Amino acid sequence: MKTLYSGKTKDVLLDEEKNIVHLLFKDSMTGENGVFDPGSNTVGGSVEGKGKIGLAISKYFFELMEKNGIPTHYIAADVDKGLMQVRNLTVPKLEFVLRYFTAGSMCRRFTLPEGIVFDPPYAEVTLKDDIQGDPLISERLCIMKGLLKEGQYDEALSIVHRVGEVLKNELAPMGLTLIDFKIEVGYDETGKMFVADEITPDIWRVRDENGNIVTADIIWGASQKQSLEDDELELVVVATRFTDGTKLKIEEKFEAKSDPFTAPVKEEIKVIQPAEEKPVKLQPMPQPRENVTITPQQDRYRQVDLQKREPAYVRM
């Protein structure tokens, strides 16, 4: 198959004989300077089996969205091969973010404390541009750059709100409160819009029943287990409802990215082979909120380049 686009965690492939588009879910993980970070713009290593588990979770959620009347690009999946067959869409380089509470970059940008409720939820749209630091972008600029057509900006925001309701209802029985999430949206030759890319723990941030923020680095990453040696970590997929609970092994050394509400784990880790016993439930590692210090960072949002950028993949 021909590679149309190669991303950090997925490739877009085209079966030229059948004119069918596939997404290949890879085991690569983002991070830098030895730190595992789902929000990073560079690949720092890989976790064996991560791609297939991500595909299985995406398959579950895309099918759930379709059942709830939300159109997606998903057609079928071959989990063993790590391939998802998708609609041939134009996917602009945009991310649509919906926030239910203040957290993460929003707190840094506006010097806000964590945990303030947004009612109604607060929506943002960012341009996927590593050099510019993924700046916020308005409807007017999206149209000027040829990323969206008239009316598509608001239609995409409507879709992201509907996706949020489904995610909240699905995560709640697990004792998880949705803090925020982001999705990508694409459109076909008629202009109809669909949820695109993936729906995995990489796109959301959640809080458990103990008030601990559980980000994707914890869900994909490691949780401490007392029965293991002090310098060992066991990988546990939290979303076991959507998988068979398969354990993973780390191929590269990572330190889980610290969160204001979770204690850091040890830097040095040993490779753990897949085991047959049931996965251990993620144990919260609380850190007092009063110790949290939000430090100002350099403004990531620079002037948006008005040059038109090519979409992730387009109809051939």
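Colleague: What should I keep in mind about the model and its numbering?

Modeller: This is a predicted model, in which local features need pLDDT of at least 70 and side-chain atom pairs count only at pLDDT 80 or more, while totals for chains, interfaces and linings use all residues. Residues are numbered from 1 along each chain as its sequence is written, and side-chain values use heavy atoms, with hydrogens and water left out.

Colleague: How many helices and strands does the chain have, and how are they defined?

Modeller: The chain has 5 helices and 18 strands; these are DSSP runs numbered from the N terminus, with helices being H or I of at least four residues and strands E of at least two.

Colleague: What makes strand 1 and strand 7 edge strands?

Modeller: Two strands pair if DSSP finds at least two bridges between them. The open sheet has 5 strands in the order 1-2-3-8-7, with antiparallel pairing, and strand 1 (2-6) and strand 7 (74-78) each pair on one side only. Within the sheet, 6 bridges join strand 2 (residues 10-15) to strand 3 (residues 20-25), and Leu14 has Val21 in strand 3 as its bridge partner.

Colleague: Why is helix 1 called oblique to helix 4?

Modeller: Two packed helices are described by the angle between their axes and the distance between the axes. Here the axes of helix 1 (residues 50-67) and helix 4 (residues 152-171) come within 11 Å and cross at roughly 120°. Axes are lines fitted to C-alpha atoms, for helices over the stretch in contact, and angles run from 0 to 180 degrees between N-to-C directions. Angles under 35 degrees count as roughly parallel, over 145 as roughly antiparallel, 65 to 115 as roughly perpendicular and the rest as oblique, so helix 1 is oblique to helix 4.

Colleague: Which residues meet there, and how do they divide by type?

Modeller: Tyr60, Phe61, Leu64 and Met65 in helix 1 meet Val163, Val166, Leu167 and Glu170 in helix 4, where contact means heavy atoms within 4.5 Å. They divide into 7 nonpolar, no polar and 1 charged, given that Ala, Val, Leu, Ile, Met, Phe, Trp, Tyr, Cys and Pro count as nonpolar, Asp, Glu, Lys and Arg as charged, and the others, Gly among them, as polar.

Colleague: How do you know whether Phe25 is buried or exposed?

Modeller: Buried means under 20% relative accessible area, exposed over 50%, and partly exposed in between (1.4 Å probe, protein chains only). Phe25, which lies in strand 3, has 8% relative accessibility and therefore counts as buried. Its contacts beyond four places in sequence include Gly51, Gly54, Leu55 and Met84, and the C-alpha atoms of Phe25 and Gly51 are separated by 4.7 Å.

Colleague: Which peptide bond is cis, and what is its omega?

Modeller: The bond from Asp119 to Pro120 is cis, with omega near 5°, and Pro120 lies in strand 10 (residues 117-127).
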